[in-house]
Amino acid sequence: MTESAKKNVIQPNPHSIQVVRDAGLISPNATRRIGVVPVPIFVALIAIFDVILPTSVAASVAFNPLLVFATLQTLFLFGTAVVVAYISLKSYLSGGSRTILLLGSGTLAWGFASMTAGWLLGPPGGPNVAVTISNSGALFASLFYIASALTTMSAGSSRDSKQRKPKLLLAYGGAVGFVAAVTVFALLGAIPAFFVPGAGSTVLRQAIVAVGLFLFAASSILFMRLYHDSRSGILFWYSMALALTTIGLAAFYFGRTVGDPIAWTGRIATYLGGIYSIIAIWSAVRGSHDSPVGLASA
Amino acid sequence: MVRNKTGILELDEMLRGGFMDKDAVMVAGSAGTGKTTLALEYLVNGATQFGEAGIYLTFEQLPDQIYRDAENFGWDLRKLEAENKLRVVCTSPDLLLEAEGEEQLLGETIKELQPRRMVIDSLNHLEMYVPRGDLRKEAYRILMYMKTRGISPLVIWEAQQGLDSSYMVTQAGMSFLIDCLVMLKFVEINSSMKKALVIMKMRGSDHDKRLREYEITAHGLRVAAPFSGYEGIITGSPHRSLTQEVAGAWDNAFTKTKHKQ
C-alpha cells in the first residue's frame with residue numbers, strides 16, 4: 001500500500017468512545033474526584049473540633065433549631081431514603097436480588113429513624129429519645145448494609161418471583177417496624193438511656209454507635225471494592241454516601257452534646273450522604289455505567 | 001348479572017367474572033395469535049364446565065382439521081357433538097348471507113341444541129362476499145339473529161398486524177356492533193416475540209385494562225402476568241418505563257459485578 005493510500009485508510013480510534021462519553025462539561029472521573037473531597041474535609045473538621053473544643057464550650061455553642069433540624073432530617077435523610085428504597089423495591093421485584101432488598105431495607109430503616117429522631121428531639125426527654133432512635137436505627141440499618149454488601153460476594157437472585165412480594169413486605173416492614181418499636185419503647189422509657197443531658201453519651205450509646213460505625217464503614221469499603229471492578233457511577237456514589245454516613249456516625253461518637261459543632265459537622269456529612277445517594281440514582285437514570293471505557297477495555 | 005365464563009381462570013378475572021350474557025364479543029388478532037384456540041376453549045369449557053351448549057361456525061377449516069387441532073389440546077369435539085353439547089358447522093359464507101340464510105343454516109341446530117354460545121370464525125370471510133359498505137349491515141343482522149335467540153355470539157376478526165405491530169380494529173368499522181373487544185397481538189420484548197392480550201372494550205362492565213402476556217399451552221390458553229413496567233406495547237414500540245429503566249440499572253450495578261467474580 002502506498003503512503004498516500006495509507007493516509008486514506010480510516011483507522012478505528014480506540015479513544016473515540018471515551019471522547020463521546022466525556023462530552024459533558026465535566027468528565028465522570030473528574031466529578032468523582034470532586035465527590036471524594038468532602039470526606040477528608042469532614043474527617044479533618046471532626047478531628048479539629050475534637051481537639052480544640054472543650055466540653056463546656058461545646059455546650060455553650062450548641063445550636064438546636066428544632067424545626068430546622070427536623071426538616072433537614074426529613075428532607076435529606078428520609079426523603080432521599082424513600083427514593084432509594086422505592087427504586088430498590090422496583091429493582092427487587094423485577095430482578096430478585098437480595099443485595100438490593102437488603103440495601104433498600106437498610107436505607108429505609110436509616111431514613112425513617114433519622115426523620116423520627118428529628119421530630120422527637122424537642123419534647124421533654126427528647127434528646128435521649130431522639131438519640132436512642134437515631135443510633136438504634138443506624139445500627140439496625142448498618143446490619144442490613146453489611147449483609148447487602150456481603151451478598152454481593154456470594155448470593156444470587158431469588159428466582160421464585162412469587163416469593164418476592166412477601167419477602168419485600170417482611171424486609172421493608174421489618175425495617176420500619178423495628179424503628180417504630182424502638183420509638184415506642186424509647187418514649188415509654190423502656191430502653192436504657194443513650195444520652196444523659198449534662199453528662200453526655202452513655203457507654204451503651206458509644207458501644208452501639210461504634211458497632212454501627214464499623215459496619216457502615218465496612219459496607220462502604222465493600223461497595224467501593226465493587227466499584228473498582230465495575231467503574232459504575234451508581235456504586236461510586238452509593239459507597240461514598242455510606243462513607244459520609246459513617247463520618248456522621250463518628251461525629252455522634254465524638255460529639256460532646258446534641259447540636260454542638262461536631263454534631264453539626266456529622267449531620268451535614270449525613271445530609272451530603274443523602275444527596276450522594278440521589279446522585280447514585282441519577283447515575284442510574286443516565287444509564288449507570290458512564291465511566292469512560294476505551295475499546296481496549298470494553 | 002349473568003356472566004358467561006370462558007373457563008380460562010385469569011381471563012375470567014380480567015372480565016370480572018366472564019363475558020356479559022348475550023354480549024357480542026369480538027376476538028381480534030393477527031394470524032397465529034390463537035384466536036381460534038381461545039374461541040374453541042370458550043365453547044368446550046362452556047359445554048363441559050358450565051352446561052352451556054355451543055355452535056362453532058367456521059368458514060375457514062374443514063371439520064376434520066378442527067377435530068384434529070382440538071385433540072391437540074385434549075378437547076374431544078366429536079364426543080361433545082355426540083352428547084349434543086356442541087356442533088361444528090363448516091359452511092361457505094355466501095350461504096349465511098342469503099336471505100334467511102342464518103335460519104336455514106342454523107335454525108334446526110339451534111332448536112335441537114338450545115345453545116347459549118356461538119362462535120363465528122371469522123367475520124373476515126364475509127368480506128369476500130359482500131361490498132365493503134354492507135359488511136357492517138350483514139354482521140349486525142347475524143349478531144342480532146343470535147342475540148334474539150338467547151345466544152351469546154363470539155366473532156373472530158383477523159386484524160392485520162404490520163411490522164410496527166400496531167393496528168386498529170376500529171378501522172374495520174365494526175366496533176359499534178361489538179360489546180366486548182378482546183385483542184390478541186404479538187409484541188417484541190427483549191428481542192423475543194411474546195403474545196399479549198388486552199380487553200379493549202367491555203360495555204357496561206368494569207374490566208382489567210392491563211395488557212397481559214399469554215401462552216398457548218398443551219391445554220389451551222394460559223394468561224400470565226401483566227407486562228408491568230413496559231409502556232408503548234399497544235402502539236408497537238414497547239419500552240420500559242423510566243422507573244423500570246432506573247431499577248434495572250440499579251440492579252445491574254449491584255449484581256453485574258457479582259458475576260465477574
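Predicted model: local features only at pLDDT ≥ 70, side-chain atom pairs only at ≥ 80, totals over all residues.

Me: What percentage of the 298 residues of chain A count as buried?

Reply: The general idea is to count neighbours: a residue is buried if 20 or more other C-beta atoms lie within 10 Å of its own. In chain A, 47% of the 298 residues count as buried.

Me: How many helices and strands does chain A have?

Reply: Chain A contains 12 helices and two strands. Along its sequence the pattern reads α-α-α-α-α-α-α-α-α-β-β-α-α-α. Chain B, for its part, has nine helices and 13 strands.

Me: How should I read the sequence separation of contacts, and what share in chain A joins residues at least 24 apart?

Reply: One takes the contacts between residues at least 6 apart in sequence; in chain A, 78% of these join residues at least 24 apart. The corresponding share in chain B is 63%.

Me: Which span does helix H6 of chain A reach from its first C-alpha to its last?

Reply: The general idea is to compare the span with that expected at 1.5 Å a residue. H6(A), residues 66–95, has 30 residues and reaches 41 Å, close to the expected 44 Å.

Me: Where is the kink in H6(A) centred?

Reply: A bend is read as the angle between axes fitted to the seven residues ending at a position and the seven starting there. In H6(A), a kink of about 30° is centred on A:Thr74.

Me: Which residue follows H6(A)?

Reply: A:Gly96 follows H6(A), and its phi is positive, near 80°.

Definitions and conventions
Residues numbered from 1 in each chain as written. Chains lettered and ligands numbered in written order. Helix = DSSP H or I, 4+ residues; strand = E, 2+ residues; numbered from the N terminus. Buried ≥ 20, exposed ≤ 12 C-beta atoms within 10 Å, placed from the backbone. Contact = placed C-beta atoms within 7 Å. Expected span 1.5 Å × (residues − 1).
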